[in-house]
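Please look over the model shown here with attention to its aromatic side chains. Which rings pair, and how are the paired rings arranged?

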Amino acid sequence: PVYVPPPPPAYPRTVTAGPIGTRFRNGPGTGYPIRYSVAAGPKFSAVGVTTGEMVEGENRWWKISDGTFAWVGATIEKLYCEEAAAAADEQEVSLK
């Protein structure tokens, strides 16, 4: 049988600040100024995701509805792995 990964999440999507809290920046990296921070627990609306600076092995950043960016590693919800889906799609095509 061929593994068919689940579809990526739809946006907007509700995301929760992780146990250490979440910083919201002007861009997808620690070099961008912090616009504001929240403690653990608040929910916010992600309208998409982008790649940015690699932090602790994670380079994906949520794009927030207010125009800021939050590192995926600082949230409870983690992203569906698009890279794994692409690899599975390539494998499925080669099997046909």
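This is a predicted model: local features need pLDDT of at least 70, side-chain atom pairs count only at pLDDT 80 or more; totals for chains, interfaces and linings use all residues.

Residues are numbered from 1 along each chain as its sequence is written, and side-chain values use heavy atoms, with hydrogens and water left out.

**Ring pairs**
- A search of the whole structure finds two aromatic pairs, a pair being rings of Phe, Tyr or Trp (its six-membered ring) with centres within 6.5 Å, called stacked when the planes are under 30 degrees apart, edge-to-face when over 60 and tilted for the rest.
- Phe-24 and Tyr-36 are stacked, because their ring centres lie 4.6 Å apart with the planes at 15°.
- This pair joins strand β2 (residues 22-25), which holds Phe-24, to strand β3 (residues 34-38), which holds Tyr-36, across 12 residues of sequence; strands are DSSP runs (E, at least two residues), numbered from the N terminus.
- Phe-24 and Phe-44 form an edge-to-face pair, since their ring centres are 4.8 Å apart and their planes stand at 85°.
- Phe-44 belongs to strand β4 (residues 43-55), 20 residues from Phe-24 in strand β2, and the pair thus links distant parts of the chain.
- Ring pairs connect Phe-24, Tyr-36 and Phe-44 into a cluster.

**Burial**
- Phe-24 is buried at 1% relative accessibility, where buried means under 20% relative accessible area, exposed over 50% and partly exposed in between (1.4 Å probe, protein chains only).
- Phe-44 is also buried, at 11%, whereas Tyr-36 is partly exposed at 31%.

How values were computed:
Helices (H or I, at least four residues) and strands (E, at least two) are DSSP runs, numbered from the N terminus.
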